[in-house]
Amino acid sequence: MNENELYSVIGEDGFQRLVAAFYRQVPNDDVLGPMYQGRDLAGAEQRLREFLIFRFGGPERYIAQRGHPRLRMRHAPFPVDQTGRDRWLQLMGNALVEAQLPAEAEQILRTYFESTATFMINRQ
Ligand code: HEM
(Lines give C-alpha, C1' and ligand atoms only; values in the text may rest on other atoms or scores of the structure.)
Protein backbone atom coordinates (compact mmCIF):
# COMPACT_ATOMS: atom_id res chain seq x y z
CA MET A 1 0.00 0.00 0.00
CA ASN A 2 1.29 3.47 -0.75
CA GLU A 3 0.16 6.71 0.91
CA ASN A 4 -2.32 7.54 -1.84
CA GLU A 5 -4.09 4.21 -1.44
CA LEU A 6 -4.70 4.68 2.26
CA TYR A 7 -8.02 6.46 1.81
CA SER A 8 -9.43 3.64 -0.30
CA VAL A 9 -8.43 1.15 2.43
CA ILE A 10 -9.73 2.89 5.58
CA GLY A 11 -12.32 5.21 4.01
CA GLU A 12 -14.17 8.17 5.50
CA ASP A 13 -15.05 5.98 8.45
CA GLY A 14 -11.44 5.21 9.34
CA PHE A 15 -10.43 8.88 9.34
CA GLN A 16 -13.58 9.85 11.18
CA ARG A 17 -12.92 7.34 13.99
CA LEU A 18 -9.22 8.22 14.21
CA VAL A 19 -9.64 11.98 14.42
CA ALA A 20 -12.64 11.75 16.77
CA ALA A 21 -10.58 9.55 19.11
CA PHE A 22 -7.76 12.12 18.98
CA TYR A 23 -9.92 15.16 19.71
CA ARG A 24 -11.87 13.40 22.46
CA GLN A 25 -8.66 13.54 24.52
CA VAL A 26 -7.69 17.14 23.76
CA PRO A 27 -9.93 19.17 26.13
CA ASN A 28 -8.69 17.29 29.20
CA ASP A 29 -5.02 17.27 28.23
CA ASP A 30 -2.83 19.54 30.34
CA VAL A 31 -0.51 20.43 27.43
CA LEU A 32 -2.82 20.60 24.40
CA GLY A 33 -6.05 21.54 26.21
CA PRO A 34 -4.97 25.13 26.97
CA MET A 35 -4.03 25.75 23.30
CA TYR A 36 -7.61 25.00 22.32
CA GLN A 37 -9.17 27.11 25.04
CA GLY A 38 -12.01 29.10 23.50
CA ARG A 39 -11.48 27.54 20.05
CA ASP A 40 -14.00 25.70 17.91
CA LEU A 41 -13.15 22.07 18.70
CA ALA A 42 -15.69 20.56 16.31
CA GLY A 43 -14.29 22.77 13.54
CA ALA A 44 -10.72 21.79 14.44
CA GLU A 45 -11.71 18.13 14.30
CA GLN A 46 -13.23 18.63 10.87
CA ARG A 47 -10.15 20.48 9.56
CA LEU A 48 -7.73 17.76 10.67
CA ARG A 49 -10.00 15.00 9.32
CA GLU A 50 -10.45 16.68 5.94
CA PHE A 51 -6.75 17.46 5.69
CA LEU A 52 -5.79 13.82 6.31
CA ILE A 53 -8.42 12.58 3.84
CA PHE A 54 -6.89 14.85 1.19
CA ARG A 55 -3.31 13.97 2.14
CA PHE A 56 -3.91 10.23 1.87
CA GLY A 57 -5.63 10.05 -1.49
CA GLY A 58 -9.25 10.98 -0.74
CA PRO A 59 -11.47 13.84 -1.92
CA GLU A 60 -9.84 17.27 -1.85
CA ARG A 61 -12.50 19.04 0.20
CA TYR A 62 -9.83 20.43 2.52
CA ILE A 63 -8.24 22.33 -0.39
CA ALA A 64 -11.62 23.60 -1.56
CA GLN A 65 -12.41 24.93 1.92
CA ARG A 66 -9.00 26.01 3.23
CA GLY A 67 -6.71 26.38 0.21
CA HIS A 68 -3.06 25.27 0.21
CA PRO A 69 -2.37 23.55 3.58
CA ARG A 70 0.77 25.57 4.58
CA LEU A 71 0.72 23.56 7.78
CA ARG A 72 3.81 25.08 9.34
CA MET A 73 2.57 28.60 8.74
CA ARG A 74 -0.87 27.76 10.13
CA HIS A 75 0.75 26.47 13.32
CA ALA A 76 2.86 29.59 13.81
CA PRO A 77 0.34 31.21 16.22
CA PHE A 78 0.57 28.15 18.49
CA PRO A 79 3.70 27.51 20.56
CA VAL A 80 4.70 24.00 19.41
CA ASP A 81 7.74 22.83 21.38
CA GLN A 82 9.19 19.36 21.95
CA THR A 83 6.74 18.71 24.80
CA GLY A 84 3.75 19.69 22.63
CA ARG A 85 5.02 17.60 19.76
CA ASP A 86 5.50 14.58 22.04
CA ARG A 87 2.05 14.98 23.59
CA TRP A 88 0.36 15.39 20.22
CA LEU A 89 1.98 12.14 19.08
CA GLN A 90 1.03 10.39 22.30
CA LEU A 91 -2.65 11.31 21.91
CA MET A 92 -2.57 10.34 18.24
CA GLY A 93 -0.90 7.06 19.22
CA ASN A 94 -3.77 6.37 21.62
CA ALA A 95 -6.24 7.25 18.86
CA LEU A 96 -4.52 4.85 16.45
CA VAL A 97 -4.86 2.03 18.97
CA GLU A 98 -8.52 2.86 19.55
CA ALA A 99 -9.37 3.12 15.83
CA GLN A 100 -8.03 -0.39 15.07
CA LEU A 101 -7.04 0.30 11.49
CA PRO A 102 -5.37 -2.36 9.34
CA ALA A 103 -1.77 -2.76 10.52
CA GLU A 104 -0.19 -1.47 7.31
CA ALA A 105 -2.37 1.64 7.30
CA GLU A 106 -1.55 2.28 10.94
CA GLN A 107 2.18 2.02 10.21
CA ILE A 108 2.01 4.49 7.31
CA LEU A 109 0.12 6.97 9.49
CA ARG A 110 2.52 6.58 12.44
CA THR A 111 5.52 7.28 10.22
CA TYR A 112 3.81 10.31 8.67
CA PHE A 113 2.70 11.75 12.04
CA GLU A 114 6.17 11.34 13.60
CA SER A 115 7.96 13.31 10.91
CA THR A 116 5.24 15.93 10.40
CA ALA A 117 4.85 16.64 14.13
CA THR A 118 8.62 17.19 14.37
CA PHE A 119 8.46 19.55 11.38
CA MET A 120 5.75 21.53 13.22
CA ILE A 121 8.06 22.47 16.12
CA ASN A 122 8.39 26.27 16.12
CA ARG A 123 9.66 27.07 19.66
CA GLN A 124 12.61 25.96 21.78
C1 HEM B 1 1.39 15.38 12.32
C2 HEM B 1 1.30 16.56 12.92
C3 HEM B 1 0.20 17.55 12.69
C4 HEM B 1 -0.72 17.65 11.69
C5 HEM B 1 -0.89 16.76 10.45
C6 HEM B 1 -1.57 18.78 12.01
C7 HEM B 1 -2.61 19.22 11.24
C8 HEM B 1 -3.38 20.33 11.48
C9 HEM B 1 -4.38 20.89 10.60
C10 HEM B 1 -4.75 20.32 9.23
C11 HEM B 1 -4.91 21.97 11.20
C12 HEM B 1 -5.98 22.91 10.63
C13 HEM B 1 -5.30 23.95 9.73
C14 HEM B 1 -6.31 24.90 9.11
O15 HEM B 1 -6.89 24.56 8.06
O16 HEM B 1 -6.52 25.98 9.67
C17 HEM B 1 -4.25 22.10 12.49
C18 HEM B 1 -4.57 23.05 13.44
C19 HEM B 1 -4.03 23.09 14.70
N20 HEM B 1 -3.00 22.32 15.17
FE21 HEM B 1 -2.07 20.86 14.19
N22 HEM B 1 -1.15 19.34 13.19
C23 HEM B 1 -0.08 18.62 13.65
C24 HEM B 1 0.64 18.84 14.79
C25 HEM B 1 0.28 19.70 15.77
C26 HEM B 1 0.97 19.86 17.03
C27 HEM B 1 2.24 19.08 17.41
C28 HEM B 1 0.28 20.80 17.75
C29 HEM B 1 0.54 21.35 19.11
C30 HEM B 1 1.39 20.85 19.96
C31 HEM B 1 -0.84 21.23 16.94
C32 HEM B 1 -1.79 22.16 17.30
C33 HEM B 1 -2.77 22.67 16.48
C34 HEM B 1 -3.71 23.70 16.88
C35 HEM B 1 -3.80 24.35 18.25
C36 HEM B 1 -4.50 23.96 15.75
C37 HEM B 1 -5.67 24.95 15.64
C38 HEM B 1 -6.95 24.20 15.69
C39 HEM B 1 -7.91 24.65 14.61
O40 HEM B 1 -7.88 24.10 13.50
O41 HEM B 1 -8.67 25.55 14.90
N42 HEM B 1 -0.81 20.54 15.74
N43 HEM B 1 -3.34 21.10 12.63
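Where is the place of glutamine 100? Glutamine 100 sits in the loop between α5 and α6, where helices are DSSP runs (H or I, at least four residues) numbered from the N terminus.

1. Basis. This is a predicted model, in which local features need pLDDT of at least 70 and side-chain atom pairs count only at pLDDT 80 or more, while totals for chains, interfaces and linings use all residues. Residues are numbered from 1 along each chain as its sequence is written, and side-chain values use heavy atoms, with hydrogens and water left out.

2. Positive phi angles. Glutamine 100 is not a glycine, yet its phi is positive, about 50°. Glutamine 100 is exposed, with a relative accessible area of 67%. Arginine 70, also a residue other than glycine, has a positive phi near 40°. Its place is the loop between α3 (61–66) and α4. Arginine 70 counts as partly exposed because its relative accessibility is 47%; buried means under 20% relative accessible area, exposed over 50%, and partly exposed in between (1.4 Å probe, protein chains only).

3. The iron. His75 (NE2) is the only protein donor of the iron atom of the ligand, at 2.0 Å. Donors are N, O and S atoms within 2.8 Å of the metal (3.2 Å for Na, K and Ca); water is not among the atoms, so sites may look incomplete. Histidine 75 belongs to helix α4 (residues 71–75).

4. Helix α5. This helix (residues 82–99) has 18 residues and reaches 25 Å from its first C-alpha to its last, close to the 26 Å expected at 1.5 Å a residue. The expected span is 1.5 Å times one less than the number of residues. At the N-terminal end, aspartate 81 caps α5, with a side-chain oxygen 3.2 Å from the backbone nitrogen of threonine 83. Buried residues of α5 include Trp88, Leu89 and Met92. Among the elements that cover the buried residues of α5 are α1 (6–25), α2 (41–55) and α6 (103–119).

5. The nonpolar core. A nonpolar core is a set of buried Ala, Val, Leu, Ile, Met, Phe, Trp, Tyr and Cys residues joined through side-chain atoms within 4.5 Å. The largest one has 33 residues, of which Phe22, Leu52 and Phe113 touch the most other members. At least two residues of this core come from each of α1, α2, α5 and α6. The largest share, nine residues, is supplied by α1. Leaving aside neighbours within four places in sequence, leucine 52 is in contact (heavy atoms within 4.5 Å) with Phe15, Val19, Tyr112 and Phe113.

Technical notes:
Polar contact = N/O pair within 3.5 Å; in protein donor to acceptor, adjacent residues only side chain to side chain.
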